[in-house]
Amino acid sequence: MSSTVITNPIIWADVPDIDMIRVEDTFYMVSTSMHSMPGCPIMKSVNLKNWEIVNYVFDTIEDNDAHNLSDGKGIYGQGSWASSLRFHNGTFYVCFSCNDSQQFYIYRTRDIENGTWERSVINGLQHDPGLLFDEDRVFVFSGNGDIYITELTADAARIKPDGIRQLLLEGEREGMGLRIEGCHAYKLDGYYYLFFIDWPRTGHGRRRELCYRSTELLGPYEYKVILDDDLGYHNKGVAQGGIIDTPSGEWYTFLFQDHDAVGRIPCVLPMSWQDGWPVIGNGGKAPVSFDANLPESASKPIVISDEFDYEENKLALNWQWNHNPDNTRWSVTARPGYLRLETGQITDRLVLARNTLTQRTEGPACSGNTVLDLSNMKAGDHAGLVALQSGYGTVGVQAEDNGERYVVIGMNRGDGGMETVEKHRYEGSQIHVKIDFDFRNSIDLAYFYYSTDGVEWTPIGRPLQMRYTLDHFMGYRIGLFNYATKQSGGYVDFDYFRYSK
């Protein structure tokens with residue numbers, strides 16, 4: 001077998017709370033997607049290095065006012081949190097909790113790449129669940145600080161009425177900013193292994209990875225800190241994840257790291273076993289690059305350019321909507337070769353606009369641009385390109401009552417509404433807009449431009465100081481938007497989206 005060099009991060013983009021499995025020679029990964037729809041992306045790889053998006057677990061979680069952005073708040077920072085992915089007896093399972101609905105969701109499919117998912121919903125939260133199939137029994141481990149074990153029915157669809165349901169263990173309290181959470185559970189060679197993160201205020205004062213183990217399901221458990229390292233990046237701990245083996249018997253751990261505005265980025269590290277304990281890296285030091293006994297493969301982009309040439313009204317898997325879309329008001333077939341976004345519900349701010357179509361941004365730097373046909377905008381419409389997080393920035397066009405149009409750069413003024421940073425009269429019927437993102441060494445600046453021809457670019461406004469904030473709990477995304485402030489039914493056609501990094 002050929003070898004491959006794995007360099008961290010494996011994806012320099014927001015792919016947090018990862019869980020991985022291997023089925024024969026293929027690795028699969030799931031990630032948190034929160035308010036982005038479709039959600040729970042499924043990615044696959046043959047070498048733990050090059051990943052491609054192959055499916056989503058759901059198109060929507062719930063069809064309600066919050067998920068449809070019509071409650072005045074949305075589900076920013078909520079939706080689907082840390083997912084657990086497992087394969088058992090020919091069936092794939094994904095489970096997660098939603099803080100907004102206070103429910104625990106379990107999805108099942110026989111075909112993880114192309115299949116549809118059957119779901120079960122259980123009232124109450126199972127925070128950061130870790131699913132474990134133990135012969136003919138099924139358990140989920142969950143919690144923050146106080147870790148609980150809950151037994152499920154054999155099909156993992158319900159809580160087992162007479163099953164185990166109790167406090168399992170209590171994490172350290174003294175000196176902790178964040179007690180143990182983010183469970184990943186395994187049974188190997190007679191041991192139950194539970195992997196967690198915590199975040200002490202003492203020592204390095206960063207997130208770290210812990211392993212608890214016991215020969216008995218219900219304990220007692222002993223534990224060790226197995227990684228306390230930042231890969232040389234601003235004391236940001238590399239932690240929260242689990243372990244995976246390869247067909248040739250090598251072991252690796254998969255974790256993620258907070259990387260400021262770009263988001264939480266996944267890493268893979270070599271692992272060995274000593275006296276039944278996992279040992280990461282070399283003497284507790286995480287390597288940036290290393291050789292793995294895994295095959296090389298072609299790299300598939302996580303973020304793509306798109307000319308919007310589609311045979312059917314279905315977008316590439318790289319795109320996600322900000323919250324549930326209104327599927328009656330977007331199309332890539334109404335005008336072939338264009339994405340049409342028609343305005344629907346009236347709003348006064350971008351963060352409450354439906355049908356904002358997004359992709360991730362990537363480090364160390366990236367850029368996206370598009371061109372809009374403005375001919376069918378109505379008075380009060382606002383369309384363009386957004387750097388999307390709570391502290392958003394937009395560049396685009398506003399249509400006024402008198403038929404005039406203005407090129408505008410806007411930023412969140414602090415309450416979700418938009419501060420107009422700069423505004424100029426614009427005469428053309430189409431406009432090119434561009435955003436450049438710079439994440440190098442946490443500069444975290446976005447720059448905005450417009451153009452009449454897509455060749456000569458005019459900077460507009462000031463750079464946006466991007467910040468990762470927990471109210472959105474997501475790295476910056478780049479998005480195409482069109483929303484109405486006065487009347488619905490106007491539309492904008494986007495000819496393409498072109499991306500580079």
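Biologist: Hi! How many cavities of 30 Å³ or more does the count come to?
Modeller: Five. Keep in mind that this is a predicted model.

Biologist: Thanks. How much space lies in the largest cavity?
Modeller: About 110 Å³. The lining has 14 residues, and the closest to the centre are Glu342, Thr343, Gly344, Gln345 and Arg354.

Biologist: How does that lining divide into nonpolar, polar and charged residues?
Modeller: Four are nonpolar, six are polar and four are charged. Strand 37, residues 477-484, gives the largest share of the lining, with three residues.

Biologist: Switching to rings, how many aromatic pairs are there?
Modeller: The count is 23 aromatic pairs. One of them is Phe96 with Tyr107, which is stacked, with 5.8 Å centre to centre and 15° between the planes.

Biologist: Nice. Which strands hold those two?
Modeller: Phe96 is in strand 8 (residues 91-98) and Tyr107 is in strand 9 (residues 103-109), eleven residues apart.

Biologist: And are Phe96 and Tyr107 buried or exposed?
Modeller: Both are buried. Ring pairs also link them with Phe58 and Tyr105 into a cluster.

Biologist: What about charges, which residue lies over the face of Tyr338?
Modeller: That's Arg335, at 3.7 Å from the ring centre. Elsewhere, Lys423 has its charged end over the ring of Tyr406, 4.8 Å from the centre.

Biologist: Last topic: in what sense do strand 1 and strand 23 pair?
Modeller: Antiparallel, over four bridges. Thr4 has Ala292 of strand 23 as its bridge partner.

Biologist: Which residues make up the covered face of strand 23?
Modeller: Phe290 and Ala292 do, while Ser289 and Asp291 form the uncovered face.

Notes: Residues numbered from 1 in each chain as written. Predicted model: local features only at pLDDT ≥ 70, side-chain atom pairs only at ≥ 80, totals over all residues. Heavy atoms only, no water. 1 Å grid on protein atoms, 1.4 Å probe; cavity = no way out; pocket = protein on both sides within 12 Å on 5 of 7 lines; lining within 4 Å. Points joined across faces, edges and corners; volume = space filled by probe spheres on them. Nonpolar A, V, L, I, M, F, W, Y, C, P; charged D, E, K, R; others polar. Buried < 20%, exposed > 50% of the residue type's maximum accessible area, 1.4 Å probe, protein only. Pairing = 2+ DSSP bridges. Phe/Tyr/Trp six-rings, centres within 6.5 Å; stacked < 30°, edge-to-face > 60°. Lys NZ or Arg CZ within 6 Å of the ring centre and 35° of its normal.
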